[in-house]
Amino acid sequence: MSDWLNQVFCEDALAGLARIPDGAVDLILTDPPYNLGKDYGNASDQQTVEEYLRWTEQWIDAALPKLKPNGSLYIFLTWRFSPEIFVMLKQRMTMMNEIIWDRRVPSMGGSVRSYSSVHDTVGFFVGRKDYYFDLDAVRIPYDAETKKARSRSIFIGAKWLEVGYNPKDVWSVSRLHREHPERADHPTQKPLEIIERMVKASCPPGGVVLDLFMGSGTTALAARRCGRQFVGFELNPQYCAIINQRLAALETLEALALAAAPDAPAKPKSEARPKAKAAATAKAAAPAKNAAIKKAATKKAAIKKAAIKKAATKKAAAAPTAAAPKRSRAVKKAPPEEVTI
Ligand SMILES: C[S@@+](CC[C@H](N)C(=O)[O-])C[C@H]1O[C@@H](n2cnc3c(N)ncnc32)[C@H](O)[C@@H]1O
């Protein structure tokens with residue numbers, strides 16, 4: 001029974017993790033309290049340094065067994081505690097990247113005794129060498145002008161020119177200011193653009209994403225929008241209500257899109273809206289729903305991969321002397337051309 005799937009439980013993550021079987025999660029993507037004194041309606045961001053680090057180690061040790069052996073973990077932090085927490089994680093996993101999220105905060109005064117901090121520090125960790133990583137799903141397309149500029153023969157047939165470039169490890173995406181259409185009533189809501197990139201790259205279609213600290217539910221929404229499944233926790237009931245609203249709004253949008261495309265295959269009835277729930281609310285239809293989501297996501301991913309492959313093959317065929325495009329895959333080193341972009 002996977003009655004824990006596609007739910008956000010309104011409860012303490014440490015207690016709630018017991019619901020999830022070991023080895024059931026493809027990706028832990030989490031944004032814990034940074035201990036900067038913020039008010040989330042609880043004391044989680046206002047602990048002493050010792051308490052905070054002890055608590056962090058506790059939830060890390062409770063969460064990691066839930067990961068599949070080839071699973072991955074992303075953790076949002078700031079410079080204040082990322083050194084200590086990265087060391088904790090490096091003792092348990094392999095660190096692949098430190099991603100800098102440049103929040104693009106405009107200059108508005110700020111500190112006069114140090115440099116204003118405008119970035120979050122995100123750690124990307126993996127369990128073992130054959131971790132899932134789909135670079136093609138998150139490549140950034142080149143614009144027509146750049147493609148034209150790269151028309152020398154050495155570039156002809158280069159797959160990366162057709163399908164876009166590696167997003168690299170500095171992600172410049174504006175934070176969600178008050179007027180932003182995506183903004184919910186949560187002080188540290190993350191942009192979907194960032195979370196979706198992580199989900200697409202590091203969780204297979206139909207796979208499961210775990211977020212221990214859901215906040216406004218961005219991870220749940222991103223997983224759903226990308227055809228992945230989710231599970232998570234949030235302590236504050238007001239934020240749980242926001243999560244429900246955001247998931248309901250997404251469901252409405254999906255229904256409208258379906259109505260606008262009447263020829264599209266009907267969504268299985270079992271794909272009912274997932275809800276943030278208090279404690280044990282098992283649904284009998286959960287296994288059928290989860291299987292349907294997984295099937296649809298796998299099909300979508302296969303279509304996308306085929307399209308990318310077709311584009312690369314077409315370009316290569318136009319330039320028979322160029323080297324055959326390489327497949328980019330987990331664990332393999334980045335193709336040399338990517339280093340130069
Ligand atoms: C940094 S915020 C997450 C924001 C989220 N990524 C978003 O985009 O909205 C951290 C959240 O963790 C919640 N939290 C703190 N301690 C918790 C616990 N023990 N269990 C579950 N949630 C907790 C807080 O209430 C807060 O909403």
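Predicted model: local features only at pLDDT ≥ 70, side-chain atom pairs only at ≥ 80, totals over all residues.

Visitor: Fine. How many helices and strands are in the chain?

Guide: The chain has ten helices and nine strands. It has 341 residues, and 34% of them count as buried.

Visitor: Now Val208. Where is that?

Guide: Val208 is in strand β7, which covers residues 208–211.

Visitor: Is Val208 buried or exposed, and why?

Guide: Val208 counts as buried because 27 C-beta neighbours lie inside 10 Å; the cut-off for buried is 20 or more.

Visitor: Which residues is Val208 in contact with, leaving aside neighbours within four places in sequence?

Guide: Those contacts are Leu5, Ala24, Val25, Asp26, Gln229, Phe230 and Val231.

Visitor: And what does Val209 touch?

Guide: Not counting residues up to four places away in sequence, Val209 touches several residues, including Asp26, Leu27, Leu29, Val199 and Phe230. Val209 also belongs to the largest nonpolar core.

Visitor: How many residues are in that core?

Guide: The core has 53 residues, and Val209 is one of those that touch the most other members, along with Leu29, Val199, Leu210, Ala220 and Ile243. Strand β3, residues 67–77, supplies the largest share of this core, with six residues.

Visitor: Changing topic: which residues come nearest to the ligand?

Guide: Of the 21 residues around the ligand, the nearest are Ser44, Phe213, Gly215, Ser216 and Thr218. By class, the shell has eight nonpolar, nine polar and four charged residues.

How values were computed: Residues numbered from 1 in each chain as written. Helix = DSSP H or I, 4+ residues; strand = E, 2+ residues; numbered from the N terminus. Buried ≥ 20, exposed ≤ 12 C-beta atoms within 10 Å, placed from the backbone. Contact = placed C-beta atoms within 7 Å. Near = placed C-beta within 6 Å. Nonpolar A, V, L, I, M, F, W, Y, C, P; charged D, E, K, R; others polar. Core = buried A, V, L, I, M, F, W, Y, C linked by C-beta atoms within 7 Å.
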